[in-house]
Amino acid sequence: MTPDNKPKNWFSALAHPGKFMRWSRYFIWPLIILTAISFAIGLWFALFNSPPDYQMGETVRIMYIHVPNAWLSQMVYSIMAISAIGSLVWRHPLADVAMKAAAPLGAAFTAMALFTGSLWGRPAWGTYWEWDGRMTSTLVLFLIYLGLIALWNTFSDQSKGARIIAVFTLVGAINIPIIKFSVDWWNGLHQPSIIKADGLSMPAELYTPLLIMTLAFTLLFFTLHLINMRTEVLRRRANSLERQHVIASSGGASTSLDVTNTDLDNKGGDND
Amino acid sequence: MIEFEAGIIFIIASYVGVALVLSLLIGWVWLNSNKQKARLVDLEKRGIHRRSKKNNPDKTEQTL
């Protein structure tokens, strides 16, 4: 082993599907507990221990669930885009798995961002919907998520499908900076970012619940993503076993199978 | 504490809507996970397993 390939080997070892299944199981319950605690504290602050806004009044409380969902809609897609690079450049099967497992979660968080934003818009702006840059580009993001989920379902060979879907995912990533900077590029109903170079443009009593709720939603995503990734590995493993069983049965071979040449097992290093 | 005002219905609708979607999402993830685990257990029962299982019979149990 040379010093140059040490990080790669370390990463490959962790990302090998078999090893991933072993180490990831120890993270699920701690993540579930942390998520539950964060939500309990966040909701207490958001509903009972934060003041109304001087302009928006009590409806500012919608912000504590709208902003985390809006943040996650973009973060999840960014994770998918990074996974798509991993899938295209290194052809790593776990990158495909991460990409696929994140898509329905991203779609759900984007739907919740649109739903809560619409309900917040009615009392704040007098309308449920306005075709401004931020809202339109977020709707486009939601449609991209749905398109990618539909694409995954069209491929019976997930490894081949992953290459094509990775390309589409990277093309769709153009929308992320558009969402981010839409409030600066176009005049619309949305306010500019609250995080500025000279500090926060929001009082601490409003920012604290927002931060805790954002942490809670982010932890929830990581929990669900980890479980979804493990489920996808198991699904591919079961599919592979069933496929091999059919081949072995039709050829009159034994049912005790050598299932090593699958899309998950043949690229991760050692045979698990 | 929330004071009653005209916007209260939008706050309740937002929180209930998000709680509903999150419940569905968590339920779907949990059901999907259990379904795949059951599939693999069923394959095991039928004697269809991976090569590595021969060397370590507890491996499926460890990775589920």
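**Figure 1. Order of elements in chain A.** Along the sequence, chain A runs α-α-α-α-α-α-α-β-β-α, with eight helices and two strands. Helices (H or I, at least four residues) and strands (E, at least two) are DSSP runs, numbered from the N terminus. The model is predicted: local features need pLDDT of at least 70, side-chain atom pairs count only at pLDDT 80 or more, and totals for chains, interfaces and linings use all residues. Residues are numbered from 1 along each chain as its sequence is written, while chains are lettered from A and ligands numbered from 1 in the order in which they are written. Of the 272 residues in chain A, 39% are buried (20 or more other C-beta atoms within 10 Å of the residue's own; exposed means 12 or fewer, partly exposed in between; C-beta atoms are placed from the backbone). Among contacts in chain A with a separation of 6 or more, 77% join residues 24 or more positions apart; a contact requires C-beta atoms, placed from the backbone, within 7 Å.

**Figure 2. Helix α2 of chain A, residues 17–48.** The 32 residues should span 46 Å at 1.5 Å a residue, and the 44 Å between the end C-alpha atoms agrees with this; the expected span is 1.5 Å times one less than the number of residues. A kink of about 35° is centred on Ser24(A), the bend being the angle between axes fitted to the seven residues ending there and the seven starting there. Buried residues of α2(A) include Phe20(A), Met21(A), Thr35(A) and Ala46(A).

**Figure 3. Packing of α5 (residues 133–154) and α6 (residues 158–172) in chain A.** The helices pack at an angle of about 175°, with axes 10 Å apart (axes are lines fitted to C-alpha atoms over the stretch in contact; angles run from 0 to 180 degrees between N-to-C directions). α5(A) is therefore roughly antiparallel to α6(A), a class for angles over 145 degrees. Ile144(A), Leu148(A), Leu151(A) and Trp152(A) of α5(A) meet Gly161(A), Ile165(A), Phe168(A), Thr169(A) and Gly172(A) of α6(A).

**Figure 4. Surroundings of Gly7(B).** Gly7(B) lies in the segment before α1 (8–45) of chain B. This glycine is buried, with 22 other C-beta atoms within 10 Å. Leaving out residues up to four places away in sequence, Gly7(B) touches Gly57(A), Glu58(A), Thr59(A) and Pro123(A).

**Figure 5. Arg91(A) in a loop.** Arg91(A) sits between α3 (63–90) and α4 (93–125) of chain A. Its phi is near 50°, a positive value in a residue other than glycine. Arg91(A) counts as partly exposed, with 14 C-beta neighbours inside 10 Å.

Terms used: Angles under 35 degrees count as roughly parallel, over 145 as roughly antiparallel, 65 to 115 as roughly perpendicular and the rest as oblique. Two residues are in contact if their C-beta atoms, placed from the backbone, lie within 7 Å.
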